[in-house]
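Please examine the sequence and the model shown below before reading on. The explanation then leads through selected parts of the structure.

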Amino acid sequence: MIRLFLALAATIGFGLFLASCNTLSKEECVAADWRVIGESDGAAGHEPQQRFAAHAKSCERVKIVPDQTIWFQGYQAGLVRYCTPLSGLARGQAGSGYANVCPPETAPGFLRGFGLGSKQHELQTRLSSMQNDYSFKETSIDELSDKLRDAKDGDRSELRRRIEDLEDDLHDIRRDQRDVQDDLDRVNEDVEWFQRNPSAELPAPGY
């Protein structure tokens with residue numbers, strides 16, 4: 001009975017895994033406008049071969065073969081919207097990846113924005129991580145201080161040492177936070193300039 005239950009659970013789990021991999025539902029495959037789907041995929045910056053293959057795999061369930069020519073026409077139209085400097089900036093700010101899909105004539109502008117947005121995202125993530133670390137260590141100091149009040153004489157020295165180590169860590173984090181914040185302030189200025197001048201090169205070395 002247990003074996004049957006495990007086999008059933010594995011089957012259900014595998015079915016759910018396959019369902020989660022489908023890019024289109026059965027209903028979407030039946031009613032598909034392949035140009036519209038392609039345009040949406042291009043505007044999202046999906047890698048074309050993998051994305052179309054995933055659609056084809058999804059629609060095998062209802063024996064529908066996607067129209068690759070129509071889909072690709074839509075994909076190219078969507079890519080025009082994706083491969084812009086401001087789109088690159090937004091993708092970088094969101095921490096998204098880049099599938100190297102922009103053509104040579106638009107890739108440089110997209111990548112300028114993408115690099116700048118990615119730098120901003122990275123610095124913001126580092127600051128957030130530092131703040132979390134700082135809060136955790138502050139909480140640890142509070143907990144150790146509570147223990148110190150009720151500790152036996154033999155334990156007090158070790159507790160004080162641990163508190164001092166944590167306080168040193170807090171000092172180091174505050175210093176590093178100031179450095180990262182300075183970098184982020186400079187990047188934020190570049191982002192504001194870039195948003196006003198998306199087609200121009202950054203006046204300072206880019207990121």
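The model is a predicted one.

Two packed helices are described by the angle between their axes and the distance between the axes. Helix H7 comprises residues 107–150, and helix H8 comprises residues 153–196. Their axes come within 8 Å and cross at roughly 160 degrees. Angles over 145 degrees count as roughly antiparallel, and H7 and H8 are therefore roughly antiparallel to each other. The crossing of H7 and H8 is left-handed. The contact of H7 with H8 contains 18 nonpolar, 10 polar and 17 charged residues.

A second pair is formed by helix H3, residues 34–43, and helix H4, residues 48–59. The axes of H3 and H4 lie 11 Å apart, and the packing angle is about 135 degrees. H3 and H4 are therefore oblique to each other, and their crossing is right-handed. On the H3 side, Trp34, Ile37 and Asp41 take part in the contact, meeting Arg51, His55 and Cys59 in H4. By class, the residues of this contact are 3 nonpolar, 1 polar and 2 charged.

Aspartate 41, which is found in helix H3, may now be considered on its own. Leaving aside residues up to four places away in sequence, aspartate 41 touches His46, Arg51, His55, Trp71 and Tyr75. With tryptophan 71, the side chain of aspartate 41 is joined side chain to side chain by a polar contact of 3.0 Å.

How values were computed
Residues numbered from 1 in each chain as written. Predicted model: local features only at pLDDT ≥ 70, side-chain atom pairs only at ≥ 80, totals over all residues. Heavy atoms only, no water. Axes fitted to C-alpha atoms, helices over the stretch in contact; angles between N-to-C directions. Helix = DSSP H or I, 4+ residues; strand = E, 2+ residues; numbered from the N terminus. Parallel < 35°, antiparallel > 145°, perpendicular 65-115°, else oblique. Left-handed = near helix turned anticlockwise from the far one by under 90°. Nonpolar A, V, L, I, M, F, W, Y, C, P; charged D, E, K, R; others polar. Contact = heavy atoms within 4.5 Å. Polar contact = N/O pair within 3.5 Å; in protein donor to acceptor, adjacent residues only side chain to side chain.
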